[in-house]
Amino acid sequence: MRTHLNPLAVVRNLGILAHVDAGKTTVTERILFATGTTHKRGEVHDGTTVTDFDPQERDRGITIFAAAVSCAWDGHRINLIDTPGHVDFADEVERALRVLDGAVAVFDAVAGVEPQSESVWRQADRHGVPRIAFVNKMDRAGADLDAAVASIRERLHPAPLVVQLPIGAEDTFTGVVDLVRMRALLWTDDAVEDVPLPEDLRGAAHERRRTLEEAVAELHPGALEEFCDTGTLSEGTLSSALREVTRDGDGVVVLCGSAYRNRGVEPLLDAVVAYLPSPLDVPPVRGTHEGEEQARPADPAAPAAALAFKVHATSTGRLTYLRIYSGTIEKGDTLWDASARRTERIGRILRVQADRHAPLDRAVAGDIVAVVGLKSARAGSTLCAPDAPLVLEPPGVPEPVVAVAVESRRAGDTDRMASGLARLTEEDPSLVVRTDPETGQTVLSGMGELHLEVAVEKLRRELGLEVNVGRPRVSYRETVGRGVSGLVFRHVKQDGGAGQFAHVVLDVEPYAEGGFDFRSAVVGGRVPQEYVRAVEAGCRDALAEGPLGGHPVTGLRVTLTDGATHVKDSSDTAFRTAGRLGLRAALRACAMVLLEPVVEVTVTVPEDAVGGVLGDLAARRGRVTGSVTRAGAAVVTATVPLAELFGYATRLRSRTQGRGTFTARPTGYAPAPVATPVR
């Protein structure tokens with residue numbers, strides 16, 4: 001075992017990133033098996049994996065929730081997070097990347113770079129996370145390392161540094177040549193054999209080694225100097241240069257293997273240890289206190305600072321996952337939640353193994369652990385020493401793109417459903433629950449239909465709730481198509497004592513700027529100013545329900561042109577009532593138009609899928625407003641009625657083999673297809 005002056009130098013915090021079905025979870029399982037953390041290889045198709053422990057993950061055969069595990073390799077502690085690959089769960093990836101120091105990007109040797117590979121790669125770019133690449137499934141028919149590397153270079157634009165040469169291809173893939181040490185690694189059933197280069201591979205290996213040296217020399221000044229002096233690079237120089245180039249983000253080391261057949265995992269772990277950074281190698285975390293930016297080094301003796309990046313709420317309590325950036329936390333410590341501005345007490349500290357946990361007495365800077373006992377800390381909360389407060393930047397939360405209406409089937413379950421939804425949003429900040437003020441529906445919004453389907457299924461399974469799911473009702477509006485002039489309304493009420501009297505004459509016309517505009521054209525003081533304000537208030541009351549379907553009314557101008565008062569019976573109340581009832585009568589006399597909400601949709605698709613996407617938008621009553629081509633992808637903008645967008649995310653993905661994405665933003669209202677004049 002190697003010795004290190006600082007224990008943090010032997011810690012690696014990394015994530016496994018990839019497109020769905022590229023083999024992330026299988027890579028994670030083989031890492032756990034190779035490190036002796038598990039003694040049996042888990043399989044996704046058998047539902048026996050450590051990290052996909054949720055029943056829905058095992059039923060669907062995909063990773064839904066980011067799972068943390070910890071293992072040891074060559075004297076190093078590796079804290080590993082297996083992230084989802086489906087686009088609906090990109091927020092899980094975002095929160096994981098926020099707390100990681102490095103990542104392994106897994107690619108399919110046949111498909112190369114896939115759509116979600118690009119998405120997670122860009123997410124890692126935004127967070128500045130160094131990566132190494134693992135080209136998986138080298139045993140599949142059609143596997144081609146060179147083609148996969150070419151797609152990495154063309155679509156992701158890093159400098160790929162291939163450090164291995166595969167031995168055999170497809171079903172004859174049996175090992176790799178390590179181009180740094182110039183040794184061959186051959187796998188039999190469960191063992192790896194380190195042997196000298198086979199004679200028949202020497203020529204190809206030396207050629208690949210030369211290509212690697214030239215690529216590294218272009219990126220690293222020290223390597224370039226040695227390469228110019230000697231015409232080659234020593235193993236030590238090459239290894240050191242690869243480490244620095246990777247950690248600076250200037251290049252990406254590429255390895256290959258077949259995780260399912262347990263080939264290539266050990267050198268992948270060696271590369272993680274050799275090339276990816278420790279907590280000491282990344283810049284000190286920066287936060288703010290009272291508007292002033294501060295830095296905290298990765299030092300166990302510094303004041304404590306940790307970021308909560310995941311909350312798992314169960315019926316027995318809350319498990320909060322923390323990345324500790326500085327200081328030391330111990331069981332029983334009191335920390336300050338700088339986000340909620342309240343104290344929290346650490347009940348227990350746990351080393352996480354997916355759904356299993358090992359208790360710890362303390363955790364130090366660089367650790368990723370789970371704690372029990374926090375009452376209100378949420379994903380994104382900063383926990384710090386009470387005497388050294390600091391607020392760390394929380395992970396960004398994306399805007400939801402799909403919504404459904406949810407309601408409990410049994411009236412008595414309404415409160416249970418509300419608490420269940422609150423727990424869901426506590427665990428997953430990308431889920432948003434709101435009550436529509438106009439329809440009264442409970443609306444659950446998320447990143448995609450699968451995302452919402454999983455959330456609702458969780459309510460059913462964990463709480464035993466029977467939930468109805470449907471389209472959210474669309475909030476329509478009504479407006480004036482053709483107005484009326486000189487509508488007279490007299491409000492008279494006499495029932496003993498002081499009565500009510502108000503006489504108003506109203507003009508109603510369309511108002512192009514939207515909203516509501518009220519004016520008074522009364523002359524000679526026939527209606528005093530205080531009564532004019534009461535008429536305006538009454539008109540605003542009348543806007544709550546239009547004559548077509550009881551929808552709010554917008555886009556009209558009302559002018560009070562004349563009126564009359566009574567010396568005793570006129571009052572604010574009388575004129576407010578006259579304004580409300582008078583405008584209702586005027587609206588019934590107008591030609592009204594039903595308005596529906598519309599959104600501006602920006603669709604990004606491969607150029608070969610543009611035709612189908614345009615046809616689908618037309619079928620949804622969309623009006624295309626623009627189309628441009630950027631880097632091999634078409635970006636189409638269109639205005640589409642909100643009611644027609646339900647189900648669009650799934651439809652778009654199916655039309656584009658998962659490569660299409662879209663964003664939507666509300667732009668206002670437009671006339672519905674059939675205007676209904678009411679006179």
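How are helix 8 and helix 9 oriented to each other? Hold that thought while I say what we're looking at. This is a predicted model, where local features need pLDDT of at least 70, side-chain atom pairs count only at pLDDT 80 or more, and totals for chains, interfaces and linings use all residues. Residues are numbered from 1 along each chain as its sequence is written, and side-chain values use heavy atoms, with hydrogens and water left out.

Okay, the helices. Helix 8 covers residues 235-248, helix 9 covers 265-275, and they pack at about 75° with their axes 9 Å apart. Helices here are DSSP runs of H or I, at least four residues, and strands are E runs of at least two, numbered from the N terminus. Axes are lines fitted to C-alpha atoms, for helices over the stretch in contact, with angles from 0 to 180 degrees between N-to-C directions. Helix 8 and helix 9 are therefore roughly perpendicular, a label for 65 to 115 degrees (under 35 is roughly parallel, over 145 roughly antiparallel, the rest oblique).

In strand 11, L255 stands opposite F134.

Last stop: I31. Leaving aside neighbours within four places in sequence, I31 contacts I16, C71, L80, V265, L268 and L269, contact meaning heavy atoms within 4.5 Å.

Definitions and conventions. Pairing = 2+ DSSP bridges.
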